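I opened my notebook to go through this model one question at a time. My notes follow, in the order I made them.

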Amino acid sequence: MSEAPKPVLETCALRKAFGGITATDNVTFSLPPGARHALIGPNGAGKTTFVNLLSGVLPATSGEIYLNGVNVTNWSVRDRARAGLARTFQINQLYADLSPLETILIAINERENAATSWFRPLGSRSDLVDEAAALLAQLNLADAMHARVGSLAYGRQRLLEIAIALASKPQVLLLDEPAAGVPEGERDQVLDVVAALPADVSLILIEHDMDLVFRFAKTISVLVNGALFVEGTRDEIARDPRVRQVYLGEEEIAHG
Amino acid sequence: MLTILFDGVAYGMLLFVLAVGLCITLGLMNFINLAHGAFAMAGGYLTVVMMNRMGISFYWCLPAAFLFSAVLGVVLERVLYRRLYDKTHLDQVLFSIGLIFMAMAAVDYAMGASPQIVKLPPSLSGRVEILGAQVGIYHLFVIVICGLLTIGLQFVIAKTRFGSRLRASVDDGRVARGLGVNVTGIFALTFAVGSGLAGLGGALGAPILSMDPSFPLKYMIFFLIVISIGGTTTITGPFFASILLGVADVGGKYFVPEIGGFIIYTIMVAVLIFRPQGLFTRSAAR
Amino acid sequence: MIPDSPNKPAGWLLWRTRWRWYELAFWAAAASSFFIFPSKLMLISEIFILGLLAVSIDLTLGFAGLVTLGQGAFFGVGAYAAGLMAKYGAGTAPFSDPLLGLLVAGSVAGALGFVTSFLVLRGSDLTRLMVTLGVALIVEEIVTQAKDITGGSDGLQGVMSSPVLGVWSFDLYGRTAFWYALIVTFVCFWFCRRLVNSSFGLSLLAIKGNPLRARTIGMPVNTRLVAIYTIAATISGISGGLLTQTTQFASPDMVAFHRSADALLILVFGGSGFLYGGLIGAVVFRVMQDFIGNITPQYWLFWVGLVLVLLVLFVRGGIIGMLMALRERFSRKGEGS
Ligand SMILES: Nc1ncnc2c1ncn2[C@@H]1O[C@H](COP(=O)(O)OP(=O)(O)O)[C@@H](O)[C@H]1O
Ligand SMILES: [Mg+2]
């Protein structure tokens with residue numbers, strides 16, 4: 001009993017079809033608490049679609065999703081978020097005209113049920129503002145706290161995208177290519193942030209850079225054409241000849 | 001009874017000719033030109049001027065109104081509308097309401113605020129009996145002309161090369177552009193034809209709809225209803241929507257005059273609530 | 001760094017919401033117009049009222065990003081609600097009390113707003129425009145058709161409000177009307193200002209900016225939109241009630257389409273998303289209307305249209321947006337030299 005902790009997140013025969021394309025094909029998957037799991041696969045494999053299904057951004061065509069053993073398949077995005085599921089987007093979804101501090105406060109207010117306070121000015125809950133400022137400081141964004149988000153460098157916007165997800169203190173965090181497009185020198189910073197997350201948060205990371213994946217993940221799933229191709233520990237995947245052939249091989253060709 | 005049905009159908013077909021250009025441009029460029037009625041008004045007032053002041057035959061007014069509004073449309077499209085395609089719907093609405101206001105004031109300035117009367121040529125006035133019902137000859141004339149136009153439009157869209165390009169552009173402008181379709185050119189041409197049809201509709205409507213400066217505002221609402229019911233992805237959708245609207249409006253005003261005005265608005269709101277993509281559409285409008 | 005700003009982030013956020021000198025100057029100017037233009041008091045009261053209507057639209061459009069073309073419906077419903085209260089309560093003191101009338105006007109309009117808010121949650125901007133317009137047209141139709149209650153197209157005659165607080169009765173010169181409209185407008189504005197500067201207000205901006213993001217943060221987007229739409233409708237209703245009470249008359253003109261269009265224009269003209277845009281827009285709009293209206297009354301519409309067209313083509317953010325761009329340029333020049 002103690003060996004197999006109850007998974008925090010499970011899917012059962014999950015399928016998503018866009019017209020003729022099956023973007024997620026019969027995926028049955030489970031994520032144990034505290035997981036450091038990487039989801040890899042070539043472009044168009046259906047990774048983002050999978051995250052969209054988990055977070056409720058897209059409705060599933062068939063199959064089920066369980067969060068802490070509860071069937072959340074028909075839950076709204078909002079209810080899943082409230083239940084502890086947070087995500088980042090491959091393409092930044094930020095508020096260009098707000099400041100990072102305000103952006104984080106939006107999330108914290110929501111978590112603390114403080115967002116319905118309509119009379120007291122923003123900032124009257126100094127405990128929440130301090131928490132937001134501390135989170136920004138942790139991500140090296142403290143100096144830009146009051147700047148316009150739209151004026152930040154891309155790498156910093158990427159960090160803010162993660163910070164929003166962290167602000168809701170999630171139990172499960174889905175990171176969709178958090179380092180994509182971030183300049184070489186700043187990528188490590190993104191990964192350090194991810195590595196420093198509390199151990200009890202269960203993580204799914206989508207990433208193309210194999211070095212980062214192997215440094216971060218304890219377990220890995222490979223998605224090909226929407227279906228789970230192989231799953232295993234980091235070492236198993238690293239050794240698996242099929243993965244080399246299908247995924248790593250392709251990547252080498254793409255690079256070459 | 002049958003008379004009312006006939007009147008309703010005639011009215012609906014007229015609405016279709018008036019509105020179809022707007023539906024296509026909305027579907028094509030996702031651009032909402034509320035000022036579409038101004039082109040109809042241009043055609044209507046051209047008819048008034050040509051007939052009442054110059055004494056030109058009504059039959060000549062129809063093609064003239066088409067050409068006049070089409071040219072007006074293409075000029076405005078190239079000079080002004082073009083700049084608005086990538087703006088928000090709110091901006092487009094504000095802009096076209098601005099144009100409506102200007103058109104209303106301009107017509108008021110030139111022609112006065114009172115409704116203009118257009119006298120039908122003798123060959124079109126009077127009534128005939130069809131299937132036991134008294135039907136105005138002019139209503140019959142409207143049905144025939146609009147019917148021919150509808151068939152012609154349907155033919156152009158379904159069967160010609162231009163039509164297939166138009167359909168491709170409506171379905172997905174970016175893909176069509178990628179395939180080498182000159183979407184901008186198609187749009188200018190469609191805009192011209194759509195405005196021209198509105199002008200023609202205005203001319204046809206001049207004897208039966210009241211032609212006064214508030215025309216574009218009054219009919220803007222009808223156009224919106226046609227769009228909300230018929231959708232913008234086909235022309236059959238707006239066609240049936242127009243007929244439905246025409247019959248409902250004429251019938252409603254005849255049978256239940258007190259609440260006649262509600263019927264159409266209520267239909268519109270109900271459709272928008274229960275089928276936001278339109279009653280006569282298959283795929284969702286973008 | 002901004003001078004005086006406390007360095008703690010919470011303090012900074014609080015500091016930003018303080019009343020500024022130019023805000024105080026604005027309201028002081030509004031109040032002093034009583035002494036500067038004693039012959040134009042009715043006009044000025046109407047400016048406050050139109051401004052308040054535009055401010056209520058700003059709540060939905062400028063802060064929550066909901067496009068509406070039918071705010072006139074709530075204005076009109078409020079106008080008639082207050083009018084009916086004043087008319088039928090004429091003899092019996094408590095019913096024709098203006099403040100009670102405003103309360104009823106706001107409640108009725110708010111109730112209509114709450115019910116119709118569910119219609120604007122779905123669909124695109126375009127469907128929202130059409131639904132709100134449709135609702136406004138239905139209300140207009142009801143008002144013109146229900147002749148027995150509303151007086152139909154002749155308007156509601158015999159509106160007689162009791163004196164405000166039982167002391168100040170509405171006079172011919174509009175003195176009471178002026179202070180009454182100013183104070184009610186200010187109180188409502190103050191309420192809106194608190195609202196948009198709160199956590200709730202920030203969450204509205206989040207919805208306007210990116211509803212998907214707001215949902216993934218765990219925000220109940222629809223609930224918030226229903227709330228703000230209802231609040232805005234209530235304030236529109238209050239402004240409608242104010243107009244009836246200060247003019248002692250309600251007409252179908254108050255629910256007409258051009259009411260919604262004017263109010264939207266006023267807001268866009270002044271600049272949406274700043275709250276003050278509606279008020280400033282109303283001043284300019286009404287003063288221009290009065291000025292041009294005296295020369296060529298029927299062509300006023302032409303200039304309104306022209307302004308709208310130019311605004312959309314060339315000016316982002318209306319008057320306030322222009323002022324801010326000017327200040328930006330000015331301060332940059334100052335730094336450069
Ligand atoms: N909204 C959508 N509509 C239609 N097809 C989509 C949509 N989103 C994704 N797809 C298709 O689904 C497949 C998987 O896409 P995606 O999940 O983005 O892949 P990945 O994130 O692994 O690169 C692709 O073929 C893509 O074209
Ligand atoms: Mg992806």
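**Entry 1: A:Glu102**

I started with A:Glu102, which sits in helix 3 of chain A. The model is predicted, and I kept that in mind throughout. Is A:Glu102 buried or exposed? I found a relative accessible area of 8% for A:Glu102. Buried means under 20%, so A:Glu102 counts as buried.

Next I asked what A:Glu102 touches. Leaving out residues up to four places away in sequence, I listed A:Leu122, C:Arg16 and C:Leu202. I then looked at C:Arg16. Its side chain makes a polar contact with the side chain of A:Glu102, at 2.7 Å. The two side chains also meet in a salt bridge, 2.7 Å from N to O. This pair crosses between chains, from helix 1 of chain C to helix 3 of chain A. I noted the general idea: side chains of opposite charge can pair when their charged atoms come close. C:Arg16 is partly exposed, at 33% relative accessibility.

**Entry 2: helix 1 of chain C**

I stayed with helix 1 of chain C. How many of its eight residues are buried? I counted six, so I wrote down "mostly covered". They are C:Pro9, C:Ala10, C:Gly11, C:Trp12, C:Leu13 and C:Trp15. I checked what these buried residues pack against, and found helix 3 and helix 4 (126-138) of chain A.

**Entry 3: chain C against chain A**

I moved out to the whole interface. Chain C gives 32 residues to the contact and chain A gives 37. The two chains bury about 3,200 Å² between them, and carbon and sulfur atoms give 67% of that area. C:Leu202, C:Arg213 and C:Ile217 supply 21% of the area that chain C buries against chain A, more than any other three residues.

I ran the salt-bridge rule across this interface and got four. One I looked up joins A:Glu161 to C:Arg213, with the closest N and O atoms 2.4 Å apart.

Which elements give two or more residues to the side of chain C that touches chain A? I listed helix 1 (9-16), helix 8 (175-196), helix 9 (199-209) and helix 10 (211-216) of chain C. Helix 9 gives the most, with seven residues. I sorted this side of chain C by type: 17 nonpolar, nine polar and six charged.

**Entry 4: chain B against chain C**

I turned to the other interface. Here 38 residues of chain B contact 36 residues of chain C. Chain B and chain C bury about 3,400 Å², with 83% on carbon and sulfur atoms. B:Leu94, B:Phe101 and B:Met102 supply 18% of the area that chain B buries against chain C, more than any other three residues.

How many salt bridges cross between chain B and chain C? I found zero. I found one residue pair in polar contact, both at pLDDT 80 or more.

Helix 4 (89-111), helix 9 (215-230) and helix 11 (260-274) of chain B each supply at least two residues to the side that touches chain C. Helix 4 of chain B has the largest share, 15 residues. By type, I sorted this side of chain B into 28 nonpolar, five polar and five charged.

I also checked the remaining pair. No contact joins chain A and chain B, and their closest C-alpha atoms lie 12 Å apart. Of the two pairs of chains in contact, A and C share the most contacts.

**Entry 5: salt bridges within chain A**

I searched the whole structure and got 19 salt bridges over all chains. I picked A:Glu131 and A:Arg111, whose closest N and O atoms are 2.8 Å apart. A:Glu131 lies in helix 4 and A:Arg111 in helix 3 of chain A, so the pair ties together parts 20 residues apart in sequence. A:Arg111, A:Glu112 and A:Glu131 are linked in a network of salt bridges.

**Entry 6: the magnesium ion**

I finished with ligand 2, the magnesium ion. Its protein donors are A:Thr48 (OG1) and A:Gln90 (OE1), 2.0 to 2.1 Å away. A:Thr48 lies in helix 1 (residues 47-55) of chain A, and A:Gln90 in the loop between strand 6 (85-87) and helix 3 (100-111), so the pair ties together parts 42 residues apart in sequence. I noted A:Thr48 as partly exposed, at 27%. A:Gln90 is partly exposed too, at 29%.

Notes
Residues numbered from 1 in each chain as written. Chains lettered and ligands numbered in written order. Predicted model: local features only at pLDDT ≥ 70, side-chain atom pairs only at ≥ 80, totals over all residues. Heavy atoms only, no water. Donors = N, O, S within 2.8 Å, 3.2 Å for Na, K, Ca; no water. Helix = DSSP H or I, 4+ residues; strand = E, 2+ residues; numbered from the N terminus. Buried < 20%, exposed > 50% of the residue type's maximum accessible area, 1.4 Å probe, protein only. Contact = heavy atoms within 4.5 Å. Buried area = accessible area lost by both parts, 1.4 Å probe. Nonpolar A, V, L, I, M, F, W, Y, C, P; charged D, E, K, R; others polar. Polar contact = N/O pair within 3.5 Å; in protein donor to acceptor, adjacent residues only side chain to side chain.
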